[in-house]
Amino acid sequence: MDAWVPPENAGDPIGVLATSFTFDAAFFEEECLASFLGLETNPTDDGPAYLIEREDKLARLQCASVLVDAHHCRGSRSLRWDLLPARLPGIQHAKVSLLVWSNHVRLMIGSANLTEDGYRRNLEVFGVLDFHAGSDSPIECLLETASFLRRVVRYSSTTTPAALRWNTLIDRVESDCAGWGTRETDRKRPAVQVKTLFVEPASKAGDVGDSGFDQLEEIWPAGVGPKSADIVSPFFDPPESKNTPVDRIWQLLRSRGEVTVGYHVAGEQCVGWEELGHSRWVLQAPESLRRTPRQSAVVEFARVTAPDSRPLHAKGIWLQDDRYAAYQIGSSNFTSAGMGIGKRSNLEANLVYVLDSKRDEKLFKAVEATFPKSEVVDAADVTWQPPPNEEDADALEQLALPGFFGDAVYSLDASDGNSASDNGVVSLEFVGNRSEAFSLSIEGTEEAWFDCQRWKAAGSPAKVTLPWTKTRPPSGFEVRLGDQAGTAWWPVNVASPESLPPPDELKDLPLSVLMDLLGSSRPLHRVMADYLSRKSKANHDEVVTAIDPHKRVDTSGFLLQRTRRLSWALTRMRERVERPAATIETLHWRLHGPVGVMALAEAIAREATSPTESAFLIAELTLELSRANVVACEGCVDVAVHRSEVQELCGKLRTLIEADGGTNAPANLQAYVASVFDEVTA
């Protein structure tokens, strides 16, 4: 989890792209994203303050998205981040996390799924590469991974808003961060090189992609193959199979002289084995691993001795000769699908560390020490007990969402021409036809919200748009498929972040609270926590007000008094607006969010004692906003775009005055308001 915490001087959070096989939505949201964003609150102890802080910081991201194998792509969540199901003949098994801050990019490739077990309980392996201005990390790894992520999202969608957000963040990484590292051609051969190794299904039927073994052979630095290979894996091809990976690893080693393959697997010692006449060891592996190609080839077995008896989930291949070593780590199990040599290949992601002991023996040994510790066992004294293969997509217990169910998108209904409408709709896309029955229900309920009868009655359209009348948008639907047991999950993503309503605590805030928020240098969630605390004591405050005659006099309605109270808040608002924004989403949040400029203007219109007062105060707000001095900042929203967004908002403020009856104000005030907007638009 420490790798999700922003390093020093990382800058503002920009976005996250991640992939996983199994998945825990709550863990990702409350642990991973919270660490990435630097949240100070947590859902257990802080309640509304956590929701406010999460909303505030997620709303500023360009993109936060996770691609998960369709069998495990489920879970209630905030729609501030996207959840995409990957559908392919094998499984989406890659575990990649790309964390992007304004001054720093972190790439993580490993064996752990985005689950509590993956990050806190299992024995796993991670490779972490950091990129920033002046870093010497291999930029090829970052760019090749960006290209891989662009390819894998196609297994979910290519044209939906969520897929476009995914690719837009990759565009930013490729353009802004291309100089954050060194290229192989620009440096002498170092003591350690890092390469990517991706396994992907063939792009066309009958094609054969580069297998993991092919790529390892190409990466190996010596003229002849390695002398030994050590493999750590929790899963293998089933016992009844040919177990082709065994043949391929022997082919990878040199063809002459003694060579060794060692398998490091999960296992345990039998209790009372001597008295009961049992084998001494039970290893979670098939006996077919014992196969060797010739007399000079030696195979060894070892039981991984994980600390605290952690379940083995790490995957790795260590190749070595007298000088070099290559260490592959990542998601690929030692299986045909995992190494890309079967009829049905998975999506896999790995890093390969190439080491030269003559250049830096200390570094060589340090990396070697990260290989899981194990205890050698006698293969003649073993009971072979391979576990069920996690990669067998046909045997997975959870239902995968069929390809018939395309994209589910929540948006605001603009059919009446009002882009600011609060009426939500859910658009459901259907691909092809389906004769089997299906029904959709809202999470946590059994009653069908939509079903195949309604779909067929509508003419079996490719797209259905349905009104959404509930307060909060849905994060997904339970899908029942005919008479099959269990349900699949159809995740919902948003057309645009602006479609999402704010938390109830941030809706229609009083003007006094907005002024406190804008005038304070403290984070939003802290100021709001104080406000909510005061609100809970409202009854007590009413008693005090009734007793103290001075508190019965409310001067807040006086125009001059209101202007004085607003003055400081307007100045701070301008300073907030003119600060460079790392993402366009950050700028939109400042201008249109529940604590933004438009929210302040609407609170003025709502609480003003008259249209005259409202017109005057909104004109003052517009004048202050127009004086925002936006300056250029590398990696931030372009100055011209920034100014254009501010100018567009000024036009909306003028419309707000007209809608609130400001045109019926006294002539002198109308003249003043007109002069303000003449100055703003000049």
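Which elements do the buried residues of α7 pack against? The legends below take up this and other views of a predicted model.

**Figure 1. The whole chain, a predicted model, as a setting for the close-ups.** The protein chain contains 21 helices and 24 strands. Along the principal axes, its C-alpha atoms fill a box of roughly 105 × 65 × 55 Å. Of its 682 residues, 52% count as buried. If we take the contacts in the chain with a separation of 6 or more, 74% of them come from residues 24 or more positions apart.

**Figure 2. Helix α7 (residues 212-219) and the elements its buried residues pack against.** Here is what to look for in this view. Gly212, Phe213, Gln215, Leu216 and Ile219 are the buried residues of α7. Because they cover an arc of only 160° around the axis, these residues lie on the same side of the helix. An α-helix has 3.6 residues a turn, so residues three or four places apart point the same way. Glu217 and Glu218, on the other side of α7, are exposed.

**Figure 3. Helices α5 and α6, packed with a left-handed crossing.** The axes of α5 (residues 139-152) and α6 (residues 161-176) come within 10 Å and cross at roughly 165°. The angle is over 145 degrees, so α5 counts as roughly antiparallel to α6. From α5, the contact draws on Leu142, Leu143, Ala146, Ser147, Leu149, Arg150 and Val152. Facing them from α6 are Trp166, Asn167, Ile170, Asp171, Val173 and Glu174. Sorted by type, the residues of this contact come to 8 nonpolar, 2 polar and 3 charged.

**Figure 4. Helices α18 and α20, packed with a right-handed crossing.** In this view, α18 (residues 597-607) and α20 (residues 639-659) pack at an angle of about 10°, and their axes are 11 Å apart. Since the angle is under 35 degrees, α18 counts as roughly parallel to α20. To find the contact, pick out Val597, Met598, Ala601 and Glu602 of α18. Their partners on α20 are Leu649, Lys652, Leu653 and Leu656. The residues of this contact divide into 6 nonpolar and 2 charged, with no polar ones.

Note on methods:
Residues numbered from 1 in each chain as written. Predicted model: local features only at pLDDT ≥ 70, side-chain atom pairs only at ≥ 80, totals over all residues. Heavy atoms only, no water. Buried < 20%, exposed > 50% of the residue type's maximum accessible area, 1.4 Å probe, protein only. Helix = DSSP H or I, 4+ residues; strand = E, 2+ residues; numbered from the N terminus. Arc of directions from axis to C-beta. Contact = heavy atoms within 4.5 Å. Axes fitted to C-alpha atoms, helices over the stretch in contact; angles between N-to-C directions. Parallel < 35°, antiparallel > 145°, perpendicular 65-115°, else oblique. Left-handed = near helix turned anticlockwise from the far one by under 90°. Nonpolar A, V, L, I, M, F, W, Y, C, P; charged D, E, K, R; others polar.
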